Amino acid sequence: MNQTEKNTKKDIKKGEAAKRKRSKKETKLLKVLKIIGYVLCGIMFVSGCIMTAFAAKLKMVPIKYMLIAAVLFVIITVGFVAAQRNLTAGLITKVLAVLITCVCVIGCTYIHYTYRKLNEMTGITTKIDNIQVYVLNEDPAQNVLDAKDYPFGILKTLDRDNTNSVIAEIQTEVAQPLFVSEYETAIALVKGLYDREVQAIILNSAYEGFITETEGYEDFKSRVRSISFKDIVTEMESDNMDREAVKEDVFTIYVSGVDVGGKPENNSNSDVNILLTVNKNTRQILMINTPRDYYVPLSISNGVCDKLTHAGIYGIDVSADTLGLLYDVTVDGYVKVNFTGFEKIIDVLDGVNVYSDYAFSAHGYSFQQGYNQLDGRGALIFARQRKMFSDGDRQRGKNQMAVIKAVIEDIASSDMLRNYKNVLDEISDSMVTSVSYEEISDLAQFQLDDMKPWDVQTYSVNGYDSMNVTYSGGSEKLYVMVPNEETVDQAKQYLKDIYDNKVIHVPTE
């Protein structure tokens, strides 16, 4: 054998050795890739199980869908594991496993955040009376210690328990009794402050809306300031708020819209008053709108009539019970929406598209008949106007419902996902409900179970303008809307029919 042949054999041996070395490396690499793939599939499976557990805790998805999703996820995981035997398929499934894991982690975050925020705003059966100590703007007193020798004005009978509680607390703080004068109504009390008969007054801030709507007192908020306040939290006295209403086939919820700052639980005038009755059997929803100035007996007034909006001064349970008396229906719960907070929600949503029945202008905004793209402030201005419409409060109620509808439509769109957490934050700050989390989850499961559409019918009762004395206003006559009994009777009939599982059709105006 010559040298050339020897070199050739040597080269062949080297090549075979190199191939064996490469083969060993490739085998080792494939083994490592398989292990990585199995680990990624394991992580994906665990993250999927955790998200399933979070979704189960949320209780919004029917069990049958959860089971289907779980089975599909197991099949996908098994398929991904099997694919690790093939280099190309293994690489693709590894990437997919990472992406699915990321989706599961993000999903867990969103589900947990949703669960936490919904729990914050549901099952609220307490109300807050915000009791303030007011002085005139120019008064030098900065706190109750500065005002300890002032003559104080208080309401004689209205809201007396809360007033007495604050008086006792102030007297403890200043270590001496207060000099108090009693007044029959909130307006008389404020007049006593304006006329300097007293130097400080103790008053529930829920009366602010009532005061500023009274001629001659529109500037109340700018003429006075608070030097002390106390939030008094109490359980609602209505017996209707503790039913598991949503689990029934037919139930009625009171939707209240207020237009003040502060916590949604704070007692205040209710500008929107809608009874929303749901029949699961007929898949119908009936919304009955009642004007804020409707002249009706309050549930706490022993038959004395007042504006419906004033019922909110004494608590949303009083408003709900008052409407229950008006329409002979049991109100099973409430949803309270703060329109001031809606401004922030709308801005986070980058505006909403609101339908207006009329063209009009107000506070620098022009609204055309038809759809208007509005920012938060524009939507709030749109919802507040009433004096420029011939229908007054009825039209304001319609405009406020239009804003609510536009917000709901925007929230239901895919665009909401971009600012999901911010929107949920603002909603939880602006809305509370007595309906429990479990009731809401049951309703969500009911809807997702077959996804059948709902037929929504709306009706507004009417009345005629008048000037009358009121429970909250005492002997002073205020503008009210005296009910048109025919429209009230019609509303009662619609309610009776929907509770009797009849399909109702409200004629369009």
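1. Basis. The model is predicted, so local features are given at pLDDT of at least 70 and side-chain atom pairs at pLDDT 80 or more, while totals for chains, interfaces and linings use all residues. Residues are numbered from 1 along each chain as its sequence is written, and side-chain values use heavy atoms, with hydrogens and water left out.

2. The six-stranded sheet. This open sheet has the strand order E16-E11-E6-E7-E8-E17, and its pairing is mixed. Strands (E, at least two residues) and helices (H or I, at least four) are DSSP runs numbered from the N terminus, and two strands pair if DSSP finds at least two bridges between them. The edges are formed by strand E16 (431-433) and strand E17 (455-460); each has a single partner strand, so one side of each has no neighbour in the sheet. Direction ignored, neighbouring strands are turned by 20 degrees against each other on average.

3. Pairing of E11. Strand E11 (residues 333-338) is joined to E16 by three bridges, and the two run antiparallel. Within this pair, Lys-336 has Val-432 as its bridge partner in E16, and Val-337 stands opposite Met-431. With E6, by contrast, E11 pairs in the parallel sense over six bridges; there Ile-253 stands opposite Gly-333.

4. Burial of E11. How many of the six residues of E11 are buried? Six of the six are buried, where buried means under 20% relative accessible area, exposed means over 50% and partly exposed lies in between (1.4 Å probe, protein chains only). In a regular strand the side chains alternate between the two faces of the sheet. Both faces of E11 are covered, with Gly-333, Val-335 and Val-337 on one side and Tyr-334, Lys-336 and Asn-338 on the other.

5. Helix H8. Helix H8 (residues 316-327) lies across strand E6 (250-258), E7, E8 and E11, and runs at about 125 degrees to E6. Axes are lines fitted to C-alpha atoms, for helices over the stretch in contact, and angles run from 0 to 180 degrees between N-to-C directions. Contact means heavy atoms within 4.5 Å.

6. The five-stranded sheet. A second open sheet has the order E3-E2-E4-E1-E5, again with mixed pairing. Strand E3 (179-183) and strand E5 (224-235) are its edge strands, each pairing on one side only. The twist from one strand to the next averages 25 degrees. Strand E2 (residues 151-155) pairs with E4 in the parallel sense over two bridges, and Gly-153 has Ile-201 as its bridge partner in E4. Helix H5 lies across strand E1 (126-136), E2, E3, E4 and E5, at about 155 degrees to E4.

7. Positive phi. Most residues other than glycine have a negative phi. Arg-196 is not a glycine, yet its phi is positive, at about 60 degrees.

8. Arg-283. Leaving aside residues up to four places away in sequence, Arg-283 touches Phe-446, Gln-447, Asp-450, Lys-452, Pro-453, Trp-454 and Asp-455.
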